[in-house]
Every structure is written in structure tokens, then in C-alpha cells.
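Q: Could you go through the domain layout with me, and then one of the sheets?

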Amino acid sequence: MPFTDINEELPPLVLRSHHPDSTRTVTLKVPVVNGGMGVGVTGPALAAAITREGGGGVLTGVALGYPFQKLLNRHLDLKPFEANKAALADWIAETKALCDGQFVGVNLMVALEDFKELAYTAAKSGVDLIVAGAGLPMSLPEVVEKFPDVMIAPIISSAKAARVMLRRWTGRNRPPDAMVFESVHHSGGHQGASIEEIQSGEYQPEEVIGQTRKLLDDAGFTDVPVIAAGGVWDKADILKMFRWGAQGVQMASRFVLTDEAGAEFGGIRQFKQNYLDNRTPTILERSPAGLPGRAVSTPFSKRFAYSNADMVKEPHECPSACLVSCDKKNSIYCILDHLTQALADSKEHGLFFAGSNVGKPGLSKEILPVKELMRRLRFGEPQSDIQAAAGA
Ligand SMILES: Cc1cc2nc3c(=O)[nH]c(=O)nc-3n(C[C@H](O)[C@H](O)[C@H](O)COP(=O)(O)O)c2cc1C
């Protein structure tokens, strides 16, 4: 049986454009891409470092204008949506320069008011892959139609969503170039299921990954990889995802614990400290996006936890009108502002999204350079770390 031996070499991840006018193929030597982490956690330093080590670096393209203006004093003269576009174009150019023009991906949320404009900006700026989630990206093939070499992948959390996306995009003569499966039981940030579905244990990865693989194979798309996300921390987890039917993995939380994460905003020290300190399970909290969000348990996130029946709204301004489904000034809190506060190291006001691994005992947790983390993902954790983590 393949993928049971920890010493086994990981196979490369091959991505191919299924646009009728493209023959573009990209081979990533290490089958690991990072999950986009909004707002601003996956910037040029992190994405470029991952690509340089043979993986696929993915920038976040979500609402960058606000943290650029508020924390970096950049694009101050632009209105919010113009600033979002300008910041994204800047970051794509900076990342391309840092990785010698190699692979750069962008993550976008369908729930953004300016999703289509940002997807178009990303394609025009020459990204290699657009990964889109937090809603099903029905319109993405049309938005990037003029850019045949830009590959596109939806994020799905259930076999049903995978089927809907495959049917819709294939009907537009633009099958997906990859399917990113995000486990609602493990991944950080917004989840593609209701709180009831999550609590009832639906959509387990060991089922949905295989079902998605079969769906693609049965439709003749054997060359469309399933990229599994949520709960992947080390090489043993990567091998497990491969056994369940994936051809690649997307990892986010562990990449927060790197020197490069959030480098553009001063290194997001409080984010990393919260991850290192956390000894309790992550919580699911209510987000103004209308989707459950998984985060480190802090006094702020606990105020909005589903377990808190006495939730009280936080009065606030609406700086950017970023999310379609948000009730703007009347929403429960401003998520853009609290995610930006996390970037700015505010322990009290920051919202620190995190995958379930962040609250799990027995995992090797330390801040590493991306180069060393990628080495560990390829070859396994050092023996001393495994013993120390087991005793933690
Ligand atoms: C801090 C943080 C921010 C995230 N932001 C986004 C985002 O903006 N868009 C998105 O599609 N996924 C987002 N995610 C989800 C990740 O991209 C990823 O799929 C997921 O966290 C994988 O699970 P892991 O953290 O256990 O590796 C975020 C995750 C974290 C931890």
C-alpha cells in the first residue's frame, strides 16, 4: 500500500490548465501549497519562500487595502476597492520578484463585494493559480476567460459542492484545474458549512477526499488533483491525505509559525505567540460573513462563540463594505478591523483565526524558517522533536 512509509518520497504535484486555449503545465516538486490567510498573513515573503523550496506559494488577496492603508500607510489616496486592487497587484509583483518569476497563487473569497475585480486583477497581474472559497466561485471561469494560462481551483467542503462545481465549470468548457478540499472540522478561518452540519460531524475528510477523487476520475478528469486542507501539520499527515485520495495538500496554520509569516506587517508576533501558548481547543465563533469561523480562544473570540448564548453586538464603523453577506454597520462586529488588529499584534482586539491543530497537544510547535519547515515536510520531523512533542 503506498504512502504508509514515512521515508517515502512525496510525489510532485502537477497542475495543468484546462482552458481550451492553453497547454500550460506547472510541476511543483513538493506537493504542498499554503492556504491563503487573510487579512495579510500570507504576504510576499511567505509565499515566495514556499515556492523557492519547491512548493506552491499562495498570497492572500482578501481586502488588502485596509491593512495597507492603516498599518503600512500605502495607497492612502485610494478608495477601499481601488486600494484592494492596487495592494494585490503590488504583492503579486513583489512575490514574483522574490521567487524569480516562479509559481505564485492567490486566494480569494467569493463572499467579497469585489471578488470579480480582484480575480481579474490577479489574472492580469500574471498569477499562476487562483484558489477561491468562502462561497462557490460559479463565475470564475468567465472572469478570467481572457487568461488561458491562469489556473483556477474552487474550494469545496463536501462531495455535493464538488459535484456542483464540476458540473458548472465543465458546462462552461472550463473544468477546474484542481479541487481544494477544506475540512470543516479542522481548517482555520471561515468554514463552508453551517454550525449544525459541523457539530453533527458531516463531511469527514476520509470520506469526502475519496468521493471527490472518484467524481473527477469518473468524469474523465484523472489529471485534476485533489488538494486536501485542514489538519495537516507534518509529513505523517500529508501521507494520510494521500492515502485517502489526495494528490497534494494545502497547509495554513503551521505556516503561521514561520519567520516569514506576516513579515510585511512586522512579523505578527502576537499571532505566533497565541499559537505557541494555546493549550485549549480552538473555538467556532460567529462571523459577520455568515459562516462559522475557527479561531484561537481569546476573550474577544469567546464573546462571539456559538457556545455564548448571550452574545452582544459590538458597535462599529464600516471601513470598507468588504463582504456581500455582512450587514455592514449593523453587523455583530467588523471582521476586517479585528483581523487587522491581529496583524497589528493587539492581543485584546485581534481575531486570531487558527486550524484545530493549534489547540491540539503533542504537536511539534516552534517558529521555523520556511526552508527548514519544508525540509521537515519532505523528510519528517527530527527524532528529538517527535519525542519532545509526545511528552508535551
Ligand atoms: C489565520 C488564517 C486565515 C485564513 N484565511 C483564509 C482566507 O482568507 N481565505 C481562505 O480561503 N481560507 C483561509 N484560511 C483557511 C486556510 O487557507 C486553510 O485552508 C486551512 O486553515 C487549512 O487548515 P490548517 O490551518 O489546519 O492547515 C485561513 C486560515 C488561517 C489559519
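This is a predicted model: local features need pLDDT of at least 70, side-chain atom pairs count only at pLDDT 80 or more; totals for chains, interfaces and linings use all residues.

Q: How is the protein divided into domains?
A: Domain 1 covers 13-268 + 364-377, and domain 2 covers 271-358; the bounds come from an automatic or database domain assignment. Their centres, taken over C-alpha atoms, are 21 Å apart.

Q: How many residues does the contact take from domain 1 and from domain 2?
A: Domain 1 gives 35 residues and domain 2 gives 31 residues. Two residues are in contact if their C-beta atoms, placed from the backbone, lie within 7 Å.

Q: Which helix supplies the largest share on the side of domain 1?
A: Helix 2 does, with five residues. Helix 2 spans 65-72, and helix 7 (195-199) is among the other elements that supply at least two residues each. Helices (H or I, at least four residues) and strands (E, at least two) are DSSP runs, numbered from the N terminus.

Q: Changing topic, what is the strand order in the open sheet?
A: The three strands run 9-13-12 with antiparallel pairing, where pairing requires at least two bridges found by DSSP. Strand 9 and strand 12 (283-286) are the edge strands.

Q: And how many bridges join strand 12 and strand 13?
A: Four bridges link strand 12 to strand 13 (residues 292-295). Leu284 has Arg294 in strand 13 as its bridge partner.

Conventions. Residues are numbered from 1 along each chain as its sequence is written.
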